[in-house]
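Hello,

Here is the structure I promised to pass on to you. Have a look at it first, and then read my notes below.

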Amino acid sequence: MSVLNGKKILLGVSGGIAAYKTASLVRLFIKAGAHVQVIMTPASKDFVTPLTLSTLSKNPVHSSFFNQDDEDAVWNNHVDLALWADLMLIAPATSNTLSKMTTGNSDNLLVATYLSAKCPVYFAPAMDLDMYKHPSVLASFNALKSFGNIMIPAESGELASGLSGEGRMAEPENIIAFLEADLESKLPLKGKKILITAGPTYEAIDPVRFIGNHSSGKMGFDLANEAANLGAQVILVAGPTHYKAKNNLVEVIGVVSAQEMYDVCHEHFKDVDVAIAAAAVADYRPKVVATQKIKKAADEFSIELEKTKDILASLGAIKKNQFLIGFALETENEIENAKLKIQKKNLDLIVLNSLQDEGAGFKKETNKVTFIDQNFKIEPMELKSKESVAVDILNKVVSHFVKL
């Protein structure tokens, strides 16, 4: 999966012959899973039509501060456009547009939006050979880079003038590769390996029946997807669940029983930087598993149970430098029980759930958690979607490594 997947990209197109390449560029963005909006300078419409880019981006194309054909003259809010974007790319970036970006001459919607952007801004210059090397253009490059903008260097080849040399806008495929490489290099969990458990475990009674619980696995899968989006290498050990990893960089290892989950976790724990135990592991299992389906005969039937191995405690006992996060689902004395679990299991952080909170618990789209760290600092959170809770948890992981 591309790091551009799900990203909101604002593409600014200025008036150069290379504007024709933006049709392919938009198509590649959409193929990578990005959401695209396009802003065109008036001059750029001489080289590629707004209809083409609107059709490919699946969004209206903006080119002026208000739509002159509309009776109500609806204003295209450059601030809203700038704040919408996760990143802005100006391609082609002509010498005229570069100069305006440098000096703040916002006489068109594209430059006004650029000046309002809070997101990373990339620019891909395109101009003829001598223009590309002119001191004024080089000064624009240096100024924009000093502002924190990122330049995608032009390539060498045949130019519109018939000359051959440096100045061609980078090919769309190369622009995509540049953006992906740059974004990946800045991901906060790049180079980290994370082990996550998810879902329930099923403990067999006979070939047909089992002891289980109501965990859906959603929280663990959301954690795995978010960790991968942040650049981590993720191993997700999942009990029986219908969920699938959205990010194909997540390695999913399916298990059924608590013993199988224990074995896989111990196989990988020594090699990871972080472990997050989000699975609802069975505390007990049948001591003897029937080889054949148990028939309904007697009025009463007893099953002798034995404890399963405590995966989280066993990982805490062998923990070295790993950042270990556990979950606690409590129905009473929540804070006290969670603190005891932190000490008993040698955790760095615990995520406390309470079944007393409306909207939290198994098979819900939302969760309400409280973070408690190893120093017993308590941080209650609001009711949020499980995706948002996953973001909060991974932010704790990122903060841990920032402090190191």
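**What I found**

The protein chain has 13 helices and 22 strands. Helices (H or I, at least four residues) and strands (E, at least two) are DSSP runs, numbered from the N terminus. Please keep in mind that this is a predicted model: local features need pLDDT of at least 70, side-chain atom pairs count only at pLDDT 80 or more, and totals for chains, interfaces and linings use all residues. Residues are numbered from 1 along each chain as its sequence is written, and side-chain values use heavy atoms, with hydrogens and water left out.

**The chain as a whole**

How does the radius of gyration of the protein chain compare with that of a compact globule of 404 residues? The globule would be near 22 Å, but the protein chain has 28 Å. This radius is taken over C-alpha atoms, and the globule rule is 2.2 Å times the number of residues to the power 0.38. Along the principal axes, the C-alpha atoms fill a box of roughly 90 × 45 × 40 Å.

Of the 404 residues, 48% count as buried. Buried means under 20% relative accessible area, exposed over 50%, and partly exposed in between (1.4 Å probe, protein chains only). Among contacts between residues at least 6 apart in sequence, 66% join residues at least 24 apart; a contact means heavy atoms within 4.5 Å.

**An open sheet**

Now find the six-stranded part: 6 strands form an open sheet in the order β3-β2-β1-β4-β5-β6, and the pairing is parallel. β3 (61-62) and β6 (150-151) stand at the edges with a single partner strand each, so one side of each has no neighbour in the sheet. Two strands pair if DSSP finds at least two bridges between them.

Let's start from β1 (8-13). This strand is mostly covered, as 5 of its 6 residues are buried. To β2 (35-40) β1 is joined by 6 bridges, and the bridge partner of V13 in β2 is M40. To strand β4 (residues 87-93) β1 is joined by 4 bridges, where L10 has M88 as its bridge partner. Further along, 2 bridges join strand β5 (residues 121-125) to β6, and F123 has M151 as its bridge partner in β6.

β1, helix α1 (residues 22-31) and β2 make a right-handed β-α-β unit; right-handed means that, with the strands pointing away from the viewer, the path from the first strand over the helix to the second runs clockwise. Helix α2 (residues 50-57) lies across β1, β2 and β3, running at about 165° to β2. Helix α7 (residues 135-146) lies across β5 and β6, at about 165° to β5. Axes are lines fitted to C-alpha atoms, for helices over the stretch in contact, and angles run from 0 to 180 degrees between N-to-C directions.

Leaving aside neighbours within four places in sequence, its contacts include E203, I211 and L305. The C-alpha atoms of P286 and L115, 171 residues apart along the chain, are separated by 66 Å.

S314 lies in helix α11 (residues 311-318). S314 is buried too, at 15%, and, leaving aside neighbours within four places in sequence, is in contact with Y262 and H266.

Happy exploring!
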